[in-house]
Amino acid sequence: MFRRKLTALDYHNPSGFDCNDETEFRNFIVWLEDQKIRHYKIEDRVNLRNIPSSEWPKSFEQYLQDVNCPFSVQERQESVDWLLGLAVRFEYGDNVEKYKNCPPATATKAEKPSDPLIHLDSNNPDFKAGVMGLANMLKIQRHDDYLVMLKAIRILIQERLTPEAIAKARQSKEGLPVALDKHILGFDTGDATLNEAAQILRLLHIEELRDLQTRINEAIVAVQAIIADPKTDHRLGKVGR
């Protein structure tokens, strides 16, 4: 499951690593911190290196927090995969010259699927860990179906994080001038300044209601699109959940 990343990091037993073996798992974490990640100073790794200690899980939990891992101690496979990804990134950063000349892998036309999601194994722990990491990073709510989460991530990136979307968001929006004397407040505070402030607040509130109505309409359209386009499980040959 982690073989490719372990191989890339020159781990001594990439094919036989078992993260469910407590002793092997603890030794692996120490090796990963000592050799690849190196987040702590050497003198600060004492607790993590004390493998037989009953307090080791607490030390590991603190370590996950210190490296900003989005997964908890209970999510062992996901946290291991995340730490491996971090280590691979650091490994590349330390050896840029070594890896930048590697020829990129090219896929032939026959290898390119018409729908990339068809061949994804949503039960694969690596896939789940990657999707969950992106969802946590982008503050997307969790969902039982990881493919649904992946689609939500894609939509968010397309709508909010593309260069065009960012440029559009940075554009200043200039509103149209409004003549307050043409809008009836409906009550009198006895103070002209307060009356004017109340009119402005009412207009802003109306604008917020319009925006809310627009969002409601968009949500209705999105729900209708989902209902009209049922999911297809390509592995089972069935339509629907």
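Which residues does Asn195 touch, not counting residues up to four places away in sequence? The contacts are Leu185, Phe187, Asp188, Thr189 and Gly190, where contact means heavy atoms within 4.5 Å. This is a predicted model, in which local features need pLDDT of at least 70 and side-chain atom pairs count only at pLDDT 80 or more, while totals for chains, interfaces and linings use all residues. Residues are numbered from 1 along each chain as its sequence is written, and side-chain values use heavy atoms, with hydrogens and water left out.

**Figure 1. Overview of the chain.** The chain has 10 helices and 2 strands. Helices (H or I, at least four residues) and strands (E, at least two) are DSSP runs, numbered from the N terminus. The order of elements from the N terminus is α-α-α-α-α-α-α-α-α-α-β-β. Of the 241 residues, 24% count as buried; buried means under 20% relative accessible area, exposed over 50%, and partly exposed in between (1.4 Å probe, protein chains only). Among contacts with a separation of 6 or more, 40% come from residues 24 or more positions apart.

Figure 2. Asn195 belongs to helix 10, which covers residues 192-228. Its relative accessibility is 17%, so Asn195 counts as buried. Asp211 and Arg215 also lie in helix 10, 4 residues apart, about one turn of the helix. These two residues form a salt bridge, with the closest N and O atoms 3.0 Å apart. A salt bridge is a side-chain nitrogen of Lys or Arg within 4 Å of a carboxyl oxygen of Asp or Glu. Asp211 has a relative accessible area of 39% and is therefore partly exposed.

**Figure 3. The largest nonpolar core.** This core holds 34 residues, of which Phe28 and Leu83 touch the most other members. A nonpolar core is a set of buried Ala, Val, Leu, Ile, Met, Phe, Trp, Tyr and Cys residues joined through side-chain atoms within 4.5 Å. At least two core residues come from each of helix 2 (22-37), helix 4 (56-66), helix 5 (76-94), helix 7 (125-137) and helix 8 (146-161). The core lies between domain 1 (2-101) and domain 2 (122-172), because both give residues to it. The domain bounds come from an automatic or database domain assignment. Leaving out residues up to four places away in sequence, Phe28 touches Leu6, Tyr11, Phe17, Val80 and Leu84.

**Figure 4. Helix 2 and its ends.** The buried residues in helix 2 are Phe25, Arg26, Phe28, Ile29, Val30, Leu32, Glu33, Lys36 and Ile37. Asp21 caps the N-terminal end of the helix, with a side-chain oxygen 3.2 Å from the backbone nitrogen of Thr23. This is a polar contact, meaning a pair of N or O atoms within 3.5 Å; within protein, one must be able to donate a hydrogen and the other to accept it, and residues adjacent in sequence count only if both atoms are side-chain atoms. Arg38 follows helix 2 and has a positive phi, near 55°.

**Figure 5. Salt bridges involving helix 2.** The count of salt bridges comes to 9. In one of them, the side chains of Glu22 and Arg76 meet at 2.9 Å, N to O. Glu22 is in helix 2 and Arg76 in helix 5, so the pair ties together parts that are 54 residues apart in sequence. Glu22 counts as partly exposed because its relative accessibility is 31%. The side chains of Arg45 and Asp34 meet in another salt bridge (3.1 Å, N to O). Arg45 is in the loop between helix 2 and helix 3 (46-49), Asp34 is in helix 2, and the two are 11 residues apart. At 7% relative accessibility, Arg45 counts as buried. A network of salt bridges links Glu33, Asp34, Arg45 and Arg49.

**Figure 6. Helix 7 from end to end.** The 13 residues of helix 7 should span 18 Å at 1.5 Å a residue, and this agrees with the 18 Å between its end C-alpha atoms. The expected span is 1.5 Å times one less than the number of residues. Phe127, Ala129, Val131, Met132, Gly133 and Ala135 are the buried residues of this helix. At its start, a side-chain oxygen of Asn124 reaches to within 2.7 Å of the backbone nitrogen of Asp126. Just after the helix, Lys139 takes a positive phi of about 60°.

**Figure 7. Ser59 in helix 4.** Ser59 is found in helix 4 and counts as buried at 17% relative accessibility. Apart from neighbours within four places in sequence, Ser59 is in contact with Asn47 and Leu48.
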